Amino acid sequence: MHYKVGAIVQARILSSRLPGKVLLPILGMPMLSLLLYRIKKAILVDVIIVATSNKKQDDLIAEHVKNEDNVILYRGDEKDVLTRMFMAAKQNRLSHILRVTADNPFFDWEIADQLINMIKENYYDYVSNNLVRTFPYGIDIEVITYNALEIAADEAIS
């Protein structure tokens, strides 16, 4: 079976509590850059995609991603995050999607690799480390198959 695992980072500038937080500095670099650096350490991730909206305010994210090595930009509907994620996966022919939110600078690549192994070896549709809260907030990781994501995108009502 052909596997292509993509980390899809959901990113946008607008935030109700702290607008622009994904580009604010942490350890001297924008939070998004720190996150991408950490994702690149995951051995089982084949491609990294930053999925942002096609709104003008998210041009800042698009410009930022242009300066990141080996990161693909996808732009879609601001409100429909599920379709944005699905279309990014479809366009890049992914078999598995590692969902990451851009305001998660504590991403743990070792946990990501464990979950990717788990979903592939056991033929699960979805795995996560937050179904039962055992990890601190901010270390949530989810992996879903393309087929399961396609069903969700087709059947979701809201």
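**Strand S4 and its neighbours**

Modeller: In this predicted model, Ala51 has Tyr74 of strand S5 as its bridge partner, and that pair belongs to a parallel pairing of S4 with S5 (residues 71-76) that extends over six bridges. Strand S4 itself, which spans residues 47-53, is mostly covered, with seven of its seven residues buried.

A charged residue deserves a separate look. Asp113, which lies in helix H4 (residues 109-122), is buried and yet has no salt bridge, the nearest side chain of opposite charge being that of Lys120, 8.3 Å away. Leaving aside residues up to four places away in sequence, Asp113 touches Lys41, Ala42, Ile43, Leu44 and Val45.

As for the whole chain, there are five helices and eight strands, which follow one another along the sequence as β-β-β-α-β-α-β-α-β-α-β-β-α. Buried residues account for 46% of the 158 residues, and of the contacts with a separation of 6 or more, 67% are between residues 24 or more positions apart. The C-alpha atoms fill a box of roughly 40 × 30 × 30 Å along the principal axes, and the radius of gyration, 15 Å, agrees with the value near 15 Å that a compact globule of 158 residues would have.

How values were computed: Residues numbered from 1 in each chain as written. Predicted model: local features only at pLDDT ≥ 70, side-chain atom pairs only at ≥ 80, totals over all residues. Heavy atoms only, no water. Buried < 20%, exposed > 50% of the residue type's maximum accessible area, 1.4 Å probe, protein only. Helix = DSSP H or I, 4+ residues; strand = E, 2+ residues; numbered from the N terminus. Pairing = 2+ DSSP bridges. Lys, Arg positive; Asp, Glu negative; His and termini not counted. Salt bridge = Lys/Arg side-chain N within 4 Å of Asp/Glu carboxyl O. Contact = heavy atoms within 4.5 Å. Rg over C-alpha atoms; globule rule 2.2 N^0.38 Å.
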